[in-house]
Amino acid sequence: MVPEPELWQMSAALDGDGSCIAEARHLAADFLGRLQAEHDVPVPQRARDLTQLVVSELVTNARKYAPGPVLLDLRVTGVVIEVAVWDSDPVLPVARAADPGRVGQHGLEIVMAVVQGFEARREPVGKRITARIALVDDPDGGSVRRP
């Protein structure tokens with residue numbers, strides 16, 4: 001069963017303190033678990049893991065670079081999970097060039113490597129980062145990727 005476009009979504013306001021990263025990961029896991037348990041939507045383990053990874057990296061960046069609250073939106077659209085994170089800093093993130101000698105600051109590189117789509121845009125206040133993750137796996141075991 002494939003979800004109908006924009007059928008399932010959840011939003012949460014996180015306070016931006018040290019526990020918000022773990023809270024965001026738990027919210028994402030619970031959301032995907034409810035999709036499977038209550039709506040019989042198959043959610044492969046790979047999609048669960050990647051969603052939690054992307055949520056963790058985006059919320060970590062929001063907490064690190066922007067004071068105040070963080071907004072998390074999760075939505076299933078077709079065969080894609082959209083993860084959107086809003087924070088108060090208007091500066092858009094830029095992925096740095098790969099550097100195996102650099103310690104840290106690889107979060108955006110990691111996100112870009114595992115998602116189907118990525119968008120960063122300024123809002124009237126702050127910015128919103130949206131990443132799209134394949135909900136279903138292809139027959140070869142990888143995720144379905146759209147051009």
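The questions below concern strands and helices of a predicted model.

Residues are numbered from 1 along each chain as its sequence is written. In this predicted model local features need pLDDT of at least 70 and side-chain atom pairs pLDDT 80 or more, while totals for chains, interfaces and linings use all residues.

User: How many residues of strand E3 are buried?
Analyst: Strands are DSSP runs of E with at least two residues, and helices are runs of H or I with at least four, numbered from the N terminus. Buried means under 20% relative accessible area with a 1.4 Å probe, protein chains only. Val-80, Glu-82, Ala-84 and Trp-86 point one way from E3 and Ile-81, Val-83, Val-85 and Asp-87 the other way, all of them buried. For E3, residues 80–87, the count is eight of eight.

User: Which residue of E5 is the bridge partner of Ile-81?
Analyst: Two strands pair if DSSP finds at least two bridges between them. E3 and E5 (residues 127–134) are antiparallel, with eight bridges. The partner of Ile-81 in E5 is Ile-133.

User: Are H1 and H2 roughly parallel or roughly antiparallel?
Analyst: Axes are lines fitted to C-alpha atoms over the stretch in contact (heavy atoms within 4.5 Å), and angles run from 0 to 180 degrees between N-to-C directions. H1 (residues 20–39) packs on H2 at about 150 degrees, the axes being 9 Å apart. Angles over 145 degrees count as roughly antiparallel. Therefore H1 and H2 are roughly antiparallel.

Methods
Heavy atoms only, no water. Buried < 20%, exposed > 50% of the residue type's maximum accessible area, 1.4 Å probe, protein only. Parallel < 35°, antiparallel > 145°, perpendicular 65-115°, else oblique.
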